[in-house]
Amino acid sequence: MTLSQPLTRDLLLPAADLLTDAFFSNPAHIYICPGEPTRARRLRWLMGFNVRAQARVGEGFCIASGGRLDAMGFWHAPNTREPGLLALAQDGLLAAPFRLGWSGVQRMLEVSDRVEELRRAALGDRGSWYLHNMVVREELRGTGIGSALLRAQLDDVLAREPRSAAVLATQRRENVVFYRRLGFEVASEVQIGAGPQRFMNWLMVHPGS
């Protein structure tokens, strides 16, 4: 069985590094940071900000050894409230225009607002666990570590809230196949954005028990 552990604060920097590598070629992040020469630097800041904000309200989980992360993700429990502006400012939000540029900030907000709109349309008032940023180190993909980790996580969170669902968003078609094997189904397939970097987003829901 794959053993996971909480994503503690001392692992947030390695988490940001892992997310930067994993999302460098992800369509949503290309849309937010379209310039390839600056994308790694901008994503590194964005992922650092993201994991600090997620750690305030989410339940981070990971597989780690000696400070190296092999896989990780965050859950938002049903009815989780997003961090307030003061908390986000403490996590670095005010630096966003300088780190991402105004267009990057606008695209970041556009993507997050659209995904949240799709999530609400799919689930209505039903409680749901929201899976954020589930990634596996590149050289370990295809080994089964991600499937084992997420299967154990699903069993845990859905048992805590028996009438809840689990939901996630992905922008890679190959991930749709992966998540379907674990019981998720496509709730919507929608294009987000405009221009040459626009992308497809799949919202997927696990119905729970």
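Strands E4 and E5 (residues 165–170) pair in the parallel sense over three bridges, where two strands count as paired if DSSP finds at least two bridges between them, and where strands (E, at least two residues) and helices (H or I, at least four) are DSSP runs numbered from the N terminus. This is a predicted model, in which local features need pLDDT of at least 70 and side-chain atom pairs count only at pLDDT 80 or more, while totals for chains, interfaces and linings use all residues. Residues are numbered from 1 along each chain as its sequence is written, and side-chain values use heavy atoms, with hydrogens and water left out.

**The sheet around E5**

E5 also pairs with strand E7 (residues 199–206), here in the antiparallel sense and over five bridges. The residues that stand opposite each other include the following.

| Residue | Opposite residue |
|---|---|
| Ser128 | Ala165 in E5 |
| Leu168 | Met204 in E7 |

Five of the six residues of E5 are buried, so this strand is largely enclosed by the rest of the structure; buried means under 20% relative accessible area, exposed over 50%, and partly exposed in between, with a 1.4 Å probe and protein chains only. The open sheet as a whole has seven strands in the order E1-E2-E3-E4-E5-E7-E6, with mixed pairing, and its edge strands, each pairing on one side only, are E1 (5–6) and E6 (185–192).

**Helices against the sheet**

Helix H1 (residues 12–23) lies across E3 and E4 and runs at about 90° to E3, the axes being lines fitted to C-alpha atoms, for helices over the stretch in contact, with angles from 0 to 180 degrees between N-to-C directions. Helix H3 packs on the sheet as well, touching E2 (59–65), E3 and E4, and its direction makes about 55° with that of E3; contact means heavy atoms within 4.5 Å. Among the buried residues of H1 are Leu12, Ala15, Leu18 and Phe23, and the buried residues of this helix pack against helix H2 (27–32), H3 (36–57), E3 and E4 (128–136).

**Leu69 in E3**

Leu69 belongs to strand E3 (residues 68–76) and counts as buried because its relative accessibility is 1%. Leaving aside residues up to four places away in sequence, Leu69 touches, among others, Leu7, Leu11, Ala15, Leu18, Cys62 and Arg137. Leu7 lies 62 residues from Leu69 along the chain, yet their C-alpha atoms are separated by 9.5 Å.
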